[in-house]
Amino acid sequence: MNSINKHKNWIYLLPLTCLCIYYLIKSYSFLPHDFANYYFGASFLESGNFSTQIYNPIWFNLKISEIQKHVFASYAPNTPFLALFFLPFTIIEFGLAKLLFNALSIILFLYALKNLFQEYKISFIHFITIFIIFFIPIRNNILFGQVYFLLFFLISEGFLAYKKEKYLKVGFLWSIAILLKVFPVILFALLLFSKKIKTLIYLSIC
């Protein structure tokens, strides 16, 4: 009976999964949007054209126009590390790279959600709540090829590791989040105010 109920819980994940898959397919032919910033920043790094000029939108877009038409992008305020992180995606063409990144992000996002639900004993029916409340952010994240699913995974998995005092894992996951987008640097304040000095040291080293 418990086994039946367990499998029944996963049904609540289906609407959210179907939503993600639907917009994943649509993202392939959608406007380049945010993913263009990541992809072409990495592309210029790979070709040796990555300098402070990358933050000049005129230079950035003129260079992109030499590779792909009908793209408008702005690398600011992204970190240089972002280009390094997306370097492997430049092996394949833009549309497929966006599709692959979105697919990986969705898997990590759903995995992190599942772990949070299990850790805090939240009923799986609240996957439906997430579907309703966060419909637009979820849709936009996939269509635009944004990094927020990945950030959610890094921060939430890091937080669960933080609760279990797995210092190295916290440092590794949260450092990637900070290097991808600057705002997670606030996590340093969390560790400082909670006097988790050992975790703070690991995060600083990472």
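Guide: By class, the lining of the largest pocket has nine nonpolar, two polar and no charged residues. Here Ala, Val, Leu, Ile, Met, Phe, Trp, Tyr, Cys and Pro count as nonpolar, Asp, Glu, Lys and Arg as charged, and the others, Gly among them, as polar. The model is predicted: local features need pLDDT of at least 70, side-chain atom pairs count only at pLDDT 80 or more, and totals for chains, interfaces and linings use all residues. Numbering starts from 1 along each chain as its sequence is written, and side-chain values use heavy atoms, with hydrogens and water left out.

The lining consists of Phe109, Leu113, Ile130, Phe134, Pro137, Ile138, Asn141, Gln146, Tyr148, Phe149 and Phe152. A pocket is an open set of points on a 1 Å grid over the protein atoms alone, where a 1.4 Å probe fits, with protein on both sides within 12 Å along at least five of seven lines; lining residues have an atom within 4 Å of a point. The volume is about 230 Å³, counted as the space filled by probe spheres set on the points, which are joined across faces, edges and corners. Two or more lining residues come from each of α6 (94-119), α8 and α9 (148-163). Helices are DSSP runs (H or I, at least four residues), numbered from the N terminus.

Now follow α8. Its buried residues are Ile138, Asn140, Asn141, Ile142, Leu143 and Phe144. Buried means under 20% relative accessible area, with a 1.4 Å probe and protein chains only. The cover over them includes α2, α3 (33-47), α6, α7 (126-133) and α9. Just after α8, Gly145 has a positive phi of about 70°.

Take α2 next. The axes of α2 (residues 14-27) and α8 (residues 135-144) come within 8 Å and cross at roughly 35°. Axes are lines fitted to C-alpha atoms over the stretch in contact, and angles run from 0 to 180 degrees between N-to-C directions. The α2 side brings Leu16, Leu19, Cys20, Tyr23, Leu24, Lys26 and Ser27; the α8 side brings Phe135, Ile138, Arg139, Ile142 and Leu143. Contact means heavy atoms within 4.5 Å. The residues where α2 meets α8 divide into nine nonpolar, one polar and two charged.

Last, the setting. The protein chain has twelve helices and zero strands. Of its 206 residues, 43% count as buried.

Conventions
Buried < 20%, exposed > 50% of the residue type's maximum accessible area, 1.4 Å probe, protein only.
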